[in-house]
Number of protein chains: 2
Amino acid sequence: MHTCDHEELHHMATEAAKANMPDEEDVGRVAAVFKAISEPSRLKILFALRQGEMCVYHIVEAVGGTQSAVSHQLRMLREARMIKARRDGQNIVYSLADEHVLAVLELVCTHVNCRI
Amino acid sequence: MHTCDHEELHHMATEAAKANMPDEEDVGRVAAVFKAISEPSRLKILFALRQGEMCVYHIVEAVGGTQSAVSHQLRMLREARMIKARRDGQNIVYSLADEHVLAVLELVCTHVNCRI
DNA sequence: GTAATATATGAACAGTTATTCATATATTGA
DNA sequence: TCAATATATGAATAACTGTTCATATATTAC
């Protein structure tokens, strides 16, 4: 049996934690969002799109890498609803999905002392 | 040569994006934070610690899994400065690192329509 | 000192993921 | 219709990551 100095306090926290734990599905959806923006290559795309909407060719120019790789990454960001796409003639134009995206980026940049 | 309807506008965005892109090291540090909280198992630990500080044994109780797995996860969260640790006798007591952590969680939960 | 408890860690394996390559789809202009 | 351009995608592979198992470290009680 486990004991620690703050046994009762911690045990109450444990019970509360279990009671207030989001269900597996919600945890998974939140994790998926973080996973989408946890790779440097995808993160760069988000940083680039702070400047406004861009088509794929220009995103490739801004962040580097091949068209194919960027396209795969764009799909993941789109599926996580971090960016949105619209067609404009031959081009697909991407932009940040909503204000949450920028807010999260800014929060974490502050957290790691990175000025953006 | 690439062309699109908003050629000049996009090109300016591309140039601005390159100019304002954080350097590789900063991108990496931001990505590392998101990576740390992009696994359901680690995310659950953060959700659990919303209730207050807990020692490892109680975290294991709250989130499930083995002591070893949880311990590995705790290390990653600690290295990403999402949680902090203090020793209390035989126990190591963990808690959320600062207010940013909760703020980021709440933002993303809102984003995916998950009430926490 | 030893035993017991709490936590951490290294190595190995299994599962996941990012990139590359080749190719497919969609749009435009002729 | 066909050619050119822009973007997307399936499959394969290489790199990465999470978990498990065994073991190590640190603290307390005796």
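At what angle do α4(A) and helix α5 (residues 67-79) of chain A pack, and how far apart are their axes? The legends below take up this question and then turn to other views. The model is predicted: local features need pLDDT of at least 70, side-chain atom pairs count only at pLDDT 80 or more, and totals for chains, interfaces and linings use all residues. Residues are numbered from 1 along each chain as its sequence is written, while chains are lettered from A and ligands numbered from 1 in the order in which they are written.

**View 1. Packing of α4(A) and α5(A).** The two helices pack at an angle of about 105°, with their axes 10 Å apart; axes are lines fitted to C-alpha atoms, for helices over the stretch in contact, and angles run from 0 to 180 degrees between N-to-C directions. α4(A) and α5(A) are therefore roughly perpendicular to each other (65 to 115 degrees). Helices (H or I, at least four residues) and strands (E, at least two) are DSSP runs, numbered from the N terminus. A:Val56, A:Ile59, A:Val60 and A:Val63 of α4(A) make the contact with A:Gln67, A:Val70, A:Ser71 and A:Leu74 of α5(A), two residues being in contact if their C-beta atoms, placed from the backbone, lie within 7 Å. By class, this contact has six nonpolar, two polar and no charged residues (Ala, Val, Leu, Ile, Met, Phe, Trp, Tyr, Cys and Pro count as nonpolar, Asp, Glu, Lys and Arg as charged, and the others, Gly among them, as polar). Within helix α4 (residues 56-63) of chain A, the buried residues include A:His58, A:Ile59 and A:Val60 (buried: 20 or more other C-beta atoms within 10 Å of the residue's own; exposed: 12 or fewer; partly exposed: in between). Just after α4(A), A:Gly64 takes a positive phi of about 80°.

**View 2. The open sheet of chain A.** Three strands are arranged in the order β1-β3-β2, with antiparallel pairing; strands pair if DSSP finds at least two bridges between them. β1 (54-55) and β2 (83-88) stand at the edges of the sheet in chain A, each with a single partner strand, so one side of each has no neighbour in the sheet. Two bridges join β1(A) to strand β3 (residues 91-96) of chain A, and A:Met54 has A:Tyr94 as its bridge partner in β3(A).

**View 3. The side of chain B that touches chain A.** Here 52 residues of chain B are in contact with 52 residues of chain A. The largest share of this side of chain B, nine residues, comes from α2(B). Its residues divide into 28 nonpolar, 15 polar and nine charged.

**View 4. Helix α2 (residues 24-36) of chain A against α6(B).** These helices pack at an angle of about 110°, their axes 9 Å apart, and are therefore roughly perpendicular to each other. A:Val30, A:Val33 and A:Phe34 meet B:Val108, B:Cys109 and B:His111 in this contact.

Methods
Parallel < 35°, antiparallel > 145°, perpendicular 65-115°, else oblique.
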